[in-house]
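Please open the model in your viewer and keep the selection panel at hand. The stops below each begin with something to select, followed by what is to be found there.

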Amino acid sequence: MTDPFMIRAHVPDFETHLAAYRRASERTRQSLRGVRDLAYGDHPDETLDLYLPAKGEGPFPVHVFVHGGYWRAFSKLDFAFVADAVTAHGAIAAIIDYSLMPKARMATLVGQVRRAVAWLADNAGRWGGDPAALSASGASAGAHLTSFLACRGAREAAPPALPVKSLLLVSGIYDLDPIPRSFLQPEIGLTAEEVAAWSPLAATPAPGPVVDVVAGADETPPFLDQGRAFAERLAAAGVASSFATLPGENHMSIATALGTPGSPLAERLGRTIAASRRGA
């Protein structure tokens, strides 16, 4: 049986999608005004890029995007194109970097994503951002990391104190238990302690943020089953959440859809951004 997490085996044009990400990201960097390589922490990996709306003077909502890559690949440069859809909805896009496994461990990655959001809450106003209208999204492993903006890990004493109002989680991994039996294990060396501590399905949701969980209808079963289960867990904890599958989207095409203004997923992104403004 083909490993359901080996995306190359399930998406025949995998490399074509990657090349399209890079071309689109380069166009975004050339066309959108912004600020590059802002440090949100002390480690060299802790940087982010801001892309600003073409019109208006603010204050603008701030939307954070966390890239995927199974925690061990890619960077903010590969996913700059997501800013096209974010800025089209009148928000500042913050595309963040974080350290990669196996050199860094899962707790470090979770902490970095949270630190980036905290830094933006304190500093986005310098570029016209509204820290009271803060939202986030992530794709694949990025959705896993983004979920911990609104969850307390199984071994954490308290939830993160972050002013995030809404999340869009795209084709995420919410149960780490299968990963040590996947092709990824030799590459990231996930430990039993990390599986226990950082599986969103074992985490405690924090009240407050609205969470939209989506997956491509053409994903492999784990992404569909885990997404549905995580949305149900959120709802059972009283979190305003939903789960939807997007027809015709696979694990690679769905990221392109996220950054394409006017696509159904980009419109869901717009609703996530709008939800961050309610009560701001």
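Select Gly238, which follows helix H8 and has a positive phi, near 90 degrees; helices here are DSSP runs of H or I with at least four residues, strands are runs of E with at least two, and both are numbered from the N terminus. This is a predicted model, in which local features need pLDDT of at least 70 and side-chain atom pairs count only at pLDDT 80 or more, while totals for chains, interfaces and linings use all residues. Residues are numbered from 1 along each chain as its sequence is written, and side-chain values use heavy atoms, with hydrogens and water left out.

Step back to H8 itself, residues 221-236, whose 16 residues reach 22 Å from the first C-alpha to the last, close to the 22 Å expected at 1.5 Å a residue, where the expected span is 1.5 Å times one less than the number of residues. Its buried residues include Phe223, Leu224, Phe230 and Leu234; buried means under 20% relative accessible area, exposed over 50%, and partly exposed in between, with a 1.4 Å probe and protein chains only.

Next, select helix H2, residues 14-31, and colour its buried residues, among them Phe14, Leu18, Tyr21 and Thr28. Seen down the axis of H2, the buried residues fall within an arc of 140 degrees, so they line one face of the helix; the arc is that of the directions from the helix axis to the C-beta atoms. The face turned away from this buried side carries the exposed residues Thr16, Arg27, Gln30 and Ser31. The elements that the buried residues of H2 pack against include strand S1 (34-39), strand S2 (47-51) and helix H9 (253-258).

S1 and S2 run antiparallel and are joined by four bridges, and the bridge partner of Ala39 in S2 is Thr47.

Finally, select Leu145, which has some of the most contacts inside the largest nonpolar core, a set of 94 residues. Such a core consists of buried Ala, Val, Leu, Ile, Met, Phe, Trp, Tyr and Cys residues joined through side-chain atoms within 4.5 Å. Leaving aside neighbours within four places in sequence, Leu145 is in contact (heavy atoms within 4.5 Å) with residues including Trp71, Tyr98 and Met106.

Key:
Two strands pair if DSSP finds at least two bridges between them.
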